[in-house]
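Me: Hi! I've got a model open on my screen and would like to talk through some of its side chains and helices. Could you help me out?

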Amino acid sequence: MANDRKTQCLPLLGVGKTTLVKKVCDAVVSAGVSVSGFYTEEVRERGRRVGFDVATLTRDRGRLSRLSAQSAAGGRECRVGQYVVNLQSFESLALPLFRDVWILCILFNFNRRSILGTIPVPKAKPLALVEEVCSRQDVKIFMITKKNRDVIFDDIVSAVQECLK
């Protein structure tokens with residue numbers, strides 16, 4: 001169910017958001033729409049998160065970030081919290097995706113294209129970009145839970161298709 005603008009963005013960890021986004025993209029592609037984009041996936045070692053990879057919808061994959069102790073040494077580092085970001089890997093995989101598509105599977109609004117993405121939830125203070133996205137009138141937010149993740153699929157596909165009209 002979509003939000004009524006009074007619903008806040010709440011943390012929903014491990015409920016299948018990325019899997020749902022990939023399924024929605026597959027459904028839209030099956031309907032003949034050009035879709036491009038990327039998502040991030042946790043990288044775990046011995047049950048502990050050590051970083052993230054960036055993966056494209058075409059299944060290309062690269063290192064996005066790792067804990068600072070596991071990153072390559074040397075040079076200037078771009079950090080997000082405890083993670084060191086591999087900008088070169090991200091830019092080589094993600095930036096080419098912004099050309100000639102109608103749906104981007106990311107969070108940001110780009111050239112009035114439809115965007116399907118997941119919204120990160122801050123652990124402490126609100127994130128300005130997330131707050132801005134949540135407050136936009138042209139954004140539809142779906143709260144995904146373990147209970148509704150299978151039944152909400154059709155609503156999300158319909159919302160994406162409506163954006164294309």
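Predicted model: local features only at pLDDT ≥ 70, side-chain atom pairs only at ≥ 80, totals over all residues.

Me: Which residue does Tyr83 form an aromatic pair with?
Reply: Its partner is Phe52. The two rings sit 5.5 Å apart, centre to centre, with 70 degrees between their planes, and the pair is edge-to-face.

Me: What does the Phe38 and Phe90 pair tie together?
Reply: Phe38 is in strand β1 (residues 35-45), while Phe90 is in helix α2 (residues 87-94), so the pair ties together parts that are 52 residues apart in sequence.

Me: What's the relative accessible area of each?
Reply: For Phe38 the value is 14%, so that residue is buried. Phe90 comes out at 22%, so Phe90 is partly exposed.

Me: While we're on helix α2, what about Ser89?
Reply: Ser89 lies in that helix too. It is buried, with a relative accessible area of 13%. Leaving aside residues up to four places away in sequence, Ser89 touches Gly62 and Arg63.

Me: Switching to helix packing: at what angle do α1 and α4 cross?
Reply: Roughly 50 degrees, with the axes of α1 (residues 17-30) and α4 (residues 153-163) coming within 10 Å. That angle makes α1 oblique to α4.

Me: Why quote both an angle and a distance?
Reply: Because two packed helices are described by the angle between their axes and the distance between the axes.

Me: Is the crossing of α1 and α4 left-handed or right-handed?
Reply: The crossing of α1 and α4 is right-handed.

Me: Which residues meet there?
Reply: On the α1 side you'll find Leu20, Lys23, Val24, Ala27 and Val28, and they meet Phe153, Ile156, Val157 and Val160 of α4.

Me: How many of those are nonpolar, polar or charged?
Reply: The contact of α1 with α4 has 8 nonpolar residues, no polar ones and 1 charged.

Key: Residues numbered from 1 in each chain as written. Heavy atoms only, no water. Helix = DSSP H or I, 4+ residues; strand = E, 2+ residues; numbered from the N terminus. Buried < 20%, exposed > 50% of the residue type's maximum accessible area, 1.4 Å probe, protein only. Phe/Tyr/Trp six-rings, centres within 6.5 Å; stacked < 30°, edge-to-face > 60°. Axes fitted to C-alpha atoms, helices over the stretch in contact; angles between N-to-C directions. Parallel < 35°, antiparallel > 145°, perpendicular 65-115°, else oblique. Left-handed = near helix turned anticlockwise from the far one by under 90°. Contact = heavy atoms within 4.5 Å. Nonpolar A, V, L, I, M, F, W, Y, C, P; charged D, E, K, R; others polar.
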